[in-house]
Amino acid sequence: MNKWINLLTVLVIISCGEVQNKFELPVLGRPKIVEREVNGKITNDTIPHMIADFSFVDQDSAVITNSTFDGQVYVADFFFTSCPTICPIMKKQMLRVYEAFESNPQVALLSHTIDPEYDTVALLNDFANRLGIKSSKWHMVTGDKEKIYEIGETSYMVIADEDPTAPGGFIHSGAFLLIDKERQIRGIYDGTKEDDVNLLIKDISRLLASYAEE
Amino acid sequence: MPKNNFFAFIFLLITACAAPSDKKDTFIPDNLSRRDKTRYQQYLIKGKSLYRQHCSNCHQPDGRGLASLYPPLAKSDYLMQDIPRATCISKNGQEGSIVVNNKEYNMKMPGVPTLTNLEVAEIMTYIANSWGNEYGFISVSDVKKNLENCAQ
């Protein structure tokens, strides 16, 4: 009897602990298959899903493109400053990611506003200052509305759209996306849930470790 | 000693994965009639659930606000020095710069115009008596009077 209880006790302790297995993060998104002619023969090339080219402007009026994140992994999300629903929760959670990697130059954050008419550079600058963040680490970008919605839907695979019936006037996903140095999506997390963001923070470290091994 | 071990195991089971519970930090005034005391308790419970629904995204479940974006309600001079003003803000929203506990804030707060007077009373009673705030009961008739005198 005693033995069993001790065994059970150990099991309980183990089950409450965290699983710390090493594993490779998946590459997400549907690959594109492209036909290509090589020496007169047609072959199929598989091109993995990648974040398309973009060019937006951040809270310091700096132009932010894909190459801004050369040699960095980054976390992307979509929000708007006047949003009363999930955005404040997302920003609080993103702030945790920011604090976790504040001194690591290999990690950056990219928040897109989906309300560029209201969220001007000046307003994003004020918002970022009030949040107490550095623009070199956390870019809050605005730009052409169509381009922002398009990259959201086709590259990051999240929903972003105007909807007059929603509180604040927009609907959008609360997802955080982890993008690697090859512009590929390596994880999707619910930016409104603390547990999911804990996992994101761990996954960023895992992803960075995979580069260190190379 | 198998019996003792068994109880120790049960205890472990109960406590092992449990999250720490909320601290009891609500003010209970002692000058209320029995009827108002019951009402007060009900308002606190309903107020908390309404607060979680309409307010805590920005002001946070612990009432502390977020950085310099969203002002605190916990031990907030701006809230506690003018409950009628705060009552108006909770329903009608607010725009422009304000100073809370010597810090400037300037984010537009949307109102919740669909709230009934009872719901406003429940929210106000909850926030004015939680996280170290000690104001006392805010009744529906208080709210009605305060809302009639809101600055336009």
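## The packing of α6(B) and α7(B)

In this predicted model, helix α6(B) meets helix α7(B) through B:N117, B:L118, B:V120, B:A121 and B:M124, and the residues on the α7(B) side are B:V140, B:D142, B:V143, B:K144 and B:L147. Sorted by class, this contact has seven nonpolar residues, one polar residue and two charged residues.

The axes of α6(B) and α7(B), the latter spanning residues 140-148, come within 8 Å and cross at roughly 105°. Because angles of 65 to 115 degrees count as roughly perpendicular, α6(B) is described as roughly perpendicular to α7(B).

## The chain as a whole

Chain B contains seven helices and four strands, and its elements, read from the N terminus, follow the order α-α-α-α-α-β-β-β-β-α-α. Of its 152 residues, 30% count as buried, and among contacts in chain B with a separation of 6 or more, residues 24 or more positions apart account for 60%.

## The loop residue B:G111

B:G111 lies in the loop of chain B between β4 (109-110) and α6 (117-127). Once its neighbours within four places in sequence are left aside, B:G111 is in contact with B:K91, B:N92 and B:G93. B:G111 is also 9.9 Å from B:C55, C-alpha to C-alpha, although 56 residues separate them in sequence.

Is B:G111 buried, exposed or partly exposed? B:G111 is partly exposed, because 15 other C-beta atoms lie within 10 Å, whereas a buried residue would need 20 or more and an exposed one 12 or fewer.

Technical notes: Residues are numbered from 1 along each chain as its sequence is written. Chains are lettered from A and ligands numbered from 1 in the order in which they are written. This is a predicted model: local features need pLDDT of at least 70, side-chain atom pairs count only at pLDDT 80 or more; totals for chains, interfaces and linings use all residues. Helices (H or I, at least four residues) and strands (E, at least two) are DSSP runs, numbered from the N terminus. Two residues are in contact if their C-beta atoms, placed from the backbone, lie within 7 Å. Axes are lines fitted to C-alpha atoms, for helices over the stretch in contact, and angles run from 0 to 180 degrees between N-to-C directions. Angles under 35 degrees count as roughly parallel, over 145 as roughly antiparallel, 65 to 115 as roughly perpendicular and the rest as oblique. Ala, Val, Leu, Ile, Met, Phe, Trp, Tyr, Cys and Pro count as nonpolar, Asp, Glu, Lys and Arg as charged, and the others, Gly among them, as polar.
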